[in-house]
Amino acid sequence: MAFSDKLEAWYNDNGRTLPWRGIDDPYRIWLSEIILQQTRIEQGRDYYLRFVEAFPTVADLAAASEEQVLRLWQGLGYYSRARNLHAAARYIMDECGGRFPSTYEGILKLKGVGRYTAAAIASFAYRLPHPVIDGNVYRFISRLRGISTPIATDAAYSEFERLLLTLIDRRRPDRFNAALMDFGSLQCRPAPDCAACPFADECVALLTDRVALLPVKAPKAKPVDRWFYYFDLRWNSAGGGQTLMQRRAGKDIWRGLWQFPLMEADHELAPDELASSARQFAEENFQLPTFGYQLSAPFRHQLTHRTIHALFLRAELPSPPTVMPADVSAVDLGQIKNIPLPRLIDRYLQNL
Ligand code: SF4
């Protein structure tokens with residue numbers, strides 16, 4: 001039996017039902033793919049439904065403010081995805097006459113869309129024969145063919161793409177890709193049940209006892225440690241309370257989100273060093289002559305290239321500071337959940 005027929009037969013019995021499957025609206029498929037880039041399907045499904053409800057068309061998404069989009073994205077992390085989504089929607093409205101690009105190359109021009117996402121949209125929405133290659137597909141195909149090229153590099157993508165182009169079902173590339181992704185995710189799992197696999201008789205990894213050794217992963221660069229000290233400066237707690245928040249500028253992943261005023265360090269500050277640095281920070285930024293605070297438990301936040309160790313310095317002030325940097329604003333504590341926040345700040349607030 002041909003590879004695609006075997007895969008199709010497995011998919012008929014085991015394929016997942018998902019709200020973005022079996023549709024051909026490129027906008028909705030794109031939304032689902034961007035949401036799922038670094039998110040589990042169960043969590044992504046809720047966000048997808050919320051986005052589709054708030055912004056049913058690409059024109060609705062383009063007309064929204066970045067703040068609205070970031071707020072709806074809150075909790076998903078990797079906010080650059082939301083900013084790119086929004087920028088690409090505006091690009092489609094302004095540069096493409098409001099029509100979603102219908103070629104692989106045109107889709108690749110959208111901000112935040114790489115080869116994998118372009119292949120997914122091109123195949124699901126337009127039935128173009130571009131194979132999708134995500135982590136699950138790498139695992140399945142590495143094992144099936146006994147390929148030991150380190151995965152998730154440009155070179156590996158091209159090698160797997162060439163191979164899959166010889167296997168893809170050109171009549172139904174959409175179903176082929178969905179089946180490929182589901183097979184890698186549900187059947188050829190990290191610890192698979194090979195006895196129940198329809199490819200057991202031809203799987204090179206199984207036949208050569210290398211299932212646990214494949215795929216080969218490229219070594220990752222060690223993340224850099226950073227220490228963040230946030231200032232949660234509150235007043236009027238009896239009357240509901242207010243605190244100070246700062247909109248994050250610059251070009252990093254949290255651009256446009258709100259945070260407590262932040263003092264950064266490239267090493268962990270010892271208690272005495274923290275006390276004197278905090279006093280200096282409070283005086284320079286808010287002209288607070290004295291500064292006593294309560295220190296939170298430490299929070300750790302893992303990003304792709306950085307490990308952030310965060311502590312929150314919480315202080316109860318007798319009145320609002322009269323001086324503050326231009327990008328800092330007073331926010332009602334009751335309203336704080338309505339502004340887009342990095343997940344780290346969210347976790348701290350939930351812990352209080
Ligand atoms: S036999 Fe096992 S390792 Fe090989 S493709 Fe099937 S599930 Fe994956």
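Student: Does Asp201 count as buried or exposed, and at what relative accessibility?
Tutor: The model is a predicted one. Exposed here requires over 50% relative accessible area. Asp201 passes that cut-off and counts as exposed, because its relative accessibility is 59%.

Student: Which residue forms a salt bridge with Asp201, and which parts of the chain does the pair tie together?
Tutor: Asp201 lies in the loop between helix H11 (173-187) and helix H12 (204-207), while its partner lies in helix H1 (residues 3-14), so the pair ties together parts that are 195 residues apart in sequence. The closest N and O atoms are 3.5 Å apart. The partner of Asp201 is Lys6.

Student: Is Lys6 buried or exposed, and what is its relative accessible area?
Tutor: Buried means under 20% relative accessible area. Lys6 falls below that limit and is therefore buried, with a relative accessible area of 13%.

Student: Which residues do salt bridges that share partners join into one network?
Tutor: The structure holds 15 salt bridges. One of them pairs Asp201 with Lys6. Through shared partners, salt bridges join into one network Lys6, Asp201 and Glu202.

Student: How does the domain assignment divide the protein, and what distance separates the centres of domain 1 and domain 2?
Tutor: The domain assignment gives domain 1 as 3-213 and domain 2 as 224-351. The contact takes 12 residues from domain 1 and 17 residues from domain 2. Taken over C-alpha atoms, the centres of the two domains are separated by 37 Å.

Student: Which three residues supply 44% of the area that domain 1 buries against domain 2?
Tutor: Domain 1 and domain 2 bury about 1100 Å² between them, with 40% of it on carbon and sulfur atoms. On the domain 1 side, three residues supply 44% of the buried area, more than any other three. They are Gln74, Tyr79 and Arg83.

Student: Which side chains meet in the salt bridge between domain 1 and domain 2?
Tutor: Side chains of opposite charge can pair when their charged atoms come close. Between domain 1 and domain 2 the count is one salt bridge, and five residue pairs are in polar contact. The salt bridge has an N to O distance of 3.6 Å and joins Glu67 and Arg247.

Student: Which element gives the most to the side of domain 1 that touches domain 2?
Tutor: By class, that side of domain 1 has four nonpolar, four polar and four charged residues. Helix H5 (66-73) and helix H6 (80-95) are the elements that give two or more residues to it. The most, four residues, comes from H5.

Student: Which residue joins its side chain to that of Thr243 in a polar contact of 3.0 Å?
Tutor: Thr243 is found in strand E2 (residues 242-247). At 0% relative accessibility, Thr243 counts as buried. Beyond its neighbours within four places in sequence, Thr243 is in contact with residues including Arg234, Trp235, Phe260 and Ile336. The side-chain partner in the 3.0 Å polar contact is Asp232.

Student: How far apart are the closest N and O atoms in the salt bridge of Arg234 with Asp232?
Tutor: Asp232 also has a side-chain polar contact with Thr243. Arg234 and Asp232 are both buried. In their salt bridge, the closest N and O atoms are apart by 2.9 Å.

Key: Residues are numbered from 1 along each chain as its sequence is written. This is a predicted model: local features need pLDDT of at least 70, side-chain atom pairs count only at pLDDT 80 or more; totals for chains, interfaces and linings use all residues. Side-chain values use heavy atoms; hydrogens and water are left out. Domain bounds come from an automatic or database domain assignment. Contact means heavy atoms within 4.5 Å. Buried area is the accessible area (1.4 Å probe) that two parts lose on being put together, summed over both. A salt bridge is a side-chain nitrogen of Lys or Arg within 4 Å of a carboxyl oxygen of Asp or Glu. A polar contact is a pair of N or O atoms within 3.5 Å; within protein, one must be able to donate a hydrogen and the other to accept it, and residues adjacent in sequence count only if both atoms are side-chain atoms. Ala, Val, Leu, Ile, Met, Phe, Trp, Tyr, Cys and Pro count as nonpolar, Asp, Glu, Lys and Arg as charged, and the others, Gly among them, as polar. Buried means under 20% relative accessible area, exposed over 50%, partly exposed in between (1.4 Å probe, protein chains only).
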